[in-house]
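This report describes one protein chain for a reader who is new to reading structures. Please look at the sequence and the model before going on.

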Amino acid sequence: MDRSSAPTQIAISAQDIERMCRDVEARRPEEACGLLAGRFERGAARVEAVLPMQNALHSPARYRLDAAEQIRAFAWIEAQGLELTGIYHSHPEGPAVPSATDIAEAYYPQAVYWIWSGQNGAWQYAAFTIHQGEIAPVTILTGSGE
Ligand SMILES: [Zn+2]
């Protein structure tokens, strides 16, 4: 995968951010996780659907997308004519930066890794691409939704 084609921006509606935020809060103290489906447009990923998934590890410090749900979600994404644009998860007690495990297990160089941090009380978030151990920040563009 060509690094230069990885998105540097992600466009997402306020409603979809709220949807993720409700999910990460509801699953505290476990790490929450899920997929973001949408489209890639000239260096930007556009989110059109938030797909919460079970954390198969049920851990406060690790996550693994439930394998069966992931297969169903990928089929749904393809059936909608969409692409996997991102993967989100939470660090209930950690910062909004990729952990060493997140970096080691980042298998999708095109995907935006969206990380929620709950360590300061209110949820905060940041987004990155991760490719071969290299992290690049992704600018989040929030609209009111379409
Ligand atoms: Zn993590």
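## Basis of the description

The model is predicted: local features are described only where pLDDT is at least 70, side-chain atom pairs count only at pLDDT 80 or more, and totals for chains, interfaces and linings use all residues. Residues are numbered from 1 along each chain as its sequence is written.

## The chain as a whole

The protein chain has 3 helices and 7 strands. Helices (H or I, at least four residues) and strands (E, at least two) are DSSP runs, numbered from the N terminus. Read from the N terminus, the order of elements is β-α-β-β-α-β-α-β-β-β. The radius of gyration, taken over C-alpha atoms, is 14 Å, close to the 15 Å from the globule rule for 146 residues, so the chain is as compact as a globular protein of that length. The globule rule is 2.2 Å times the number of residues to the power 0.38. The C-alpha trace spans about 35 × 30 × 30 Å along its principal axes.

Of the 146 residues, 35% are buried. A residue is called buried if 20 or more other C-beta atoms lie within 10 Å of its own, exposed if 12 or fewer, and partly exposed in between, with C-beta atoms placed from the backbone. Two residues are in contact if their C-beta atoms, placed from the backbone, lie within 7 Å. Among contacts between residues at least 6 apart in sequence, 66% join residues at least 24 apart.

## The barrel

Strands of a sheet pair through backbone hydrogen bonds, either parallel or antiparallel. Here two strands are said to pair if DSSP finds at least two bridges between them. The 7 strands make a closed barrel in the order β1-β3-β2-β4-β5-β6-β7, and the pairing is mixed. On average, neighbouring strands of this sheet are turned by 35 degrees against each other, direction ignored. The axes behind such angles are lines fitted to C-alpha atoms, for helices over the stretch in contact, and angles run from 0 to 180 degrees between N-to-C directions.

Strand β1 (residues 9-13) runs parallel to strand β3 (residues 44-53), and 3 bridges join them. Ile-10 has Ala-45 in β3 as its bridge partner. Helix α2 (residues 67-79) lies across β2 (33-41), β3 and β4 (83-91), at about 140 degrees to β3.

Strands β2 and β3 are antiparallel, with 9 bridges, and Gly-34 stands opposite Pro-52 in β3. They form a hairpin with 2 residues between them, and Arg-42 in the turn has a positive phi of about 45 degrees.

Strand β5 (residues 112-117) pairs with β6 (residues 124-131) in the antiparallel sense over 5 bridges. Trp-116 faces Tyr-125 in β6 as its opposite residue. This hairpin has 6 residues between its strands, and Gly-121 in the turn has a positive phi of about 90 degrees. Next, β6 is joined by 5 bridges to β7 (residues 134-143), again running antiparallel, and Phe-128 has Pro-137 in β7 as its bridge partner. The hairpin of β6 and β7 has 2 residues between the strands.

## The nonpolar core

In soluble globular proteins, nonpolar side chains tend to be buried together. A nonpolar core is a set of buried Ala, Val, Leu, Ile, Met, Phe, Trp, Tyr and Cys residues joined through C-beta atoms within 7 Å. The largest one holds 34 residues, of which Ile-10, Leu-35, Leu-36, Val-112 and Tyr-113 touch the most other members. At least two core residues come from each of β1, α1 (14-26), β2, β3, α2, β4, β5 and β6. Leaving out residues up to four places away in sequence, Tyr-113 touches several residues, including Ile-87, Pro-98, Ala-127 and Phe-128.

## Residues in the loops

Which peptide bond is cis, with omega near 10 degrees? The bond from Arg-28 to Pro-29 is, and Pro-29 sits in the loop between α1 and β2.

The loop between β3 and α2 contains His-58, which has a positive phi of about 45 degrees although it is not a glycine. His-58 is exposed because 12 other C-beta atoms lie within 10 Å. Ala-61 is in the loop between β3 and α2 too. With 14 other C-beta atoms within 10 Å, Ala-61 is partly exposed. Ala-61 and Glu-30 are 31 residues apart in sequence, while their C-alpha atoms are 7.4 Å apart.

Gln-132, in the loop between β6 and β7, has a positive phi near 50 degrees and is not a glycine. Gln-132 has 9 other C-beta atoms within 10 Å, so it is exposed.
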